[in-house]
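Open the model in your viewer and keep the selection panel to hand. The stops below go chain by chain and end where the chains meet.

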Amino acid sequence: MSGHSYDAEKYWKANLRLIGGSLVIWFLVSYGAAMLFRPLLAGISVGGTDLGFWFAQQGSILTFIVLIFFYAWRMNKIDEQFGVSEE
Amino acid sequence: MSQFAINLLFVGASFLLYIGIAIWAKAGSTKDFYVAGGGIHPITNGVAIGADWMSAASFISMAGLIAAGGYSNSTFLMGWTGGYVLLAMLLAPYLRKFGKFTVPEFIGDRYYSDNARLVAVICLIVASVTYVIGQMAGAGVAFSRFLEVDSTMGLIIAAIVIFFYSVMGGMKGITYTQVAQYCVLIVAYTIPAVFISLNLTGNPIPGLGMFSTHTDSGLPILTKLNQVITDLGFNEYTADVDNKLNMILFTMALMFGTAGLPHVIIRFFTVRKVTDARWSGGWALVFIALLYLTAPAVASMARLNIMTTIYPDGTDAAPIMYEDRPNWIKEWEVTGLIQYEDKNNDGRIQYYNATESFAPEAEARGWEGNEFTYNRDILVLANPEIANLPGWVIGLIAAGGLAAALSTAAGLLLAISSAISHDLIKGRFNPNISDKGELLAARISMAVAIVVATYLGANPPGFAAQVVALAFGIAAASLFPALMMGIFSKRVNNVGAISGMLAGLAFTLCYIFVYKGWLFIPGTNNLADTPENWVLGISPLSIGAIGAIVNFAVAFVVARSTAEPPKEIQELVESVRYPRGAGAAQDH
């Protein structure tokens, strides 16, 4: 890796940025919408209850799935772009 | 055919299926997947992780806790799924690149220290044994019901079955057996849920059904449920919680713990490439989510069904006569997990929340206290009976519950025994031990772990899912930070990591033991486990999140004030960050 140390650093930064962005969403749907901001979202009703409750029991899980697939897809692209992928 | 015979038939058939697959896969395996060097497809691997992951806690216990706690117990749902996001982004791909088979091995190599490896082994054992206690409690409930014995007897039978199942060892390691177990447990979980959702709302998808209209009343299910239970003095199902801090920390402890539990991490080592480790996390969560999106629907609908069973003419009318109680109540009474006491001698089942604010109404109705109690761990198993579903559905859920408990217990016991025989005895005390000796040590440690877990499982420090949550807290406070820092920081050194793990583990265990009893032995707790006694309202179930922060902080401070890791270790950290050059995982 020594010959590409500059690129390697940029690759790692790109990874950290992607992780950071994903974890912001991870935080917002679970700790945010489902817990901390639930009172703020109380006005939006979903099937007999409010949006925060829906996020707590359905929405956050669905978002987590999308996040992991998005991360895997983006990261594989970044691997290729920086030439560090396995093949 | 009696229900007892149907249950035996389903459980027996599912076991034959697992054994059959084990034999079949072994025959085909030499050229099929051993040559591929652990090359298991990410989707297959995702299913196997799902089977490993979903234990008695998820299958048997979780929906019962959500039914009782409503919104406040959504923590289990978010915690046990959100952890996969951390696992897939922060740990799995890099640990796969590192290419070793056990978690203590990674910690030992990364922190260039046998002591670090030893501490990791201790953390692993404490977390896994706690986890097995929860499995025992859950499996005991399942066996007691389906063999129609009392709950202690059920627990002992569960221990014997789990012991033989785990000693057969090889069976668990075969991915295709786990695929079969996953299929059995997911079908068993979702079929009753679909029936019940159709019955109550006409919507076949339970996760949508719980937000739809209740056909009988014309109200949304959750509105109807809130109405019925508040009429009887219970809290609203969807009520917000006051102590958000505790809720957040609890969710965090479950998420960090998910990413720190060795039996799941090991699964990511079996894929061929780093990219496959990333995809595996996503697929695992898809298969896990099938159950987790259904569980809250099972919870709310079962709670409503129990209420309408006991109050068939509405909450304003008199509850049912004890004599007319449905069959499921009679059968669960045999296990001692449902109890009835006719306090006002009117022969009816008064089931309500006997709080002070409800006292005037109770008095007006001539009620002298709540007469009906049920163990929350029975809810999922009793669910098909409560909803009057046919006998084969009940047999199916028996097989599913046992598949969940057995597959996870076996996985954990293997993690414990390999940590003791491989990392501890071979790696530390007796490097020259023969393969035979290593195997014997593994079996003995497995047996000891089962005996300890059975003893403590007879008086578990909580319901199955709560005990398991404690195990997650312990893993969160000890292993997760060490693994994460091992990848994301080049500066954290051997002394830092060891002090961090020890501080996190000691802090978390002490806080838990103060409330739950030292070494979980009943009666040895210093303070009653009630919210008033908790420091800042933080429950022992949530303390793992604080333990993780303690671990991170101690590790950073200690590492800063001691020598930085040697050059080759920094290069090792550098190399796990880049996928290129990941060979097949090395055999140990």
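What share of the contacts in chain B with a separation of 6 or more comes from residues 24 or more positions apart? The share is 80%, where two residues are in contact if their C-beta atoms, placed from the backbone, lie within 7 Å.

This is a predicted model, in which local features need pLDDT of at least 70 and side-chain atom pairs count only at pLDDT 80 or more, while totals for chains, interfaces and linings use all residues. Residues are numbered from 1 along each chain as its sequence is written, and chains are lettered from A and ligands numbered from 1 in the order in which they are written.

**Select chain B.** Chain B holds 24 helices and 2 strands; these are DSSP runs numbered from the N terminus, helices being H or I of at least four residues and strands E of at least two. Along its principal axes, the C-alpha trace spans about 80 × 55 × 40 Å.

**Colour chain B by domain.** Select 3-302 + 387-576 for domain 1 and 338-374 for domain 2; the bounds come from an automatic or database domain assignment. The C-alpha centres of these two domains of chain B are 37 Å apart.

**Select chain A.** Its pattern along the sequence is α-β-β-α. The C-alpha trace of chain A spans about 60 × 20 × 15 Å along its principal axes. Chain A has a radius of gyration of 18 Å, whereas a compact globule of 87 residues would have one near 12 Å. In chain A, 38% of the residues count as buried.

The mean is 90. Helix α2 (residues 51-82) of chain A has the highest confidence, at 95, and strand β1 (residues 45-46) the lowest, at a mean of 88.

**Show both chains.** Here 38 residues of chain A are in contact with 43 residues of chain B. On the chain B side, α4 (74-98), α11 (221-231), α12 (244-258), α14 (274-292) and α24 (567-576) each supply at least two residues. Select α14(B), which gives the most, with 10 residues.

Methods: The radius of gyration is taken over C-alpha atoms; the globule rule is 2.2 Å times the number of residues to the power 0.38. A residue is buried if 20 or more other C-beta atoms lie within 10 Å of its own, exposed if 12 or fewer, and partly exposed in between; C-beta atoms are placed from the backbone. pLDDT is the predictor's confidence in each residue, from 0 to 100.
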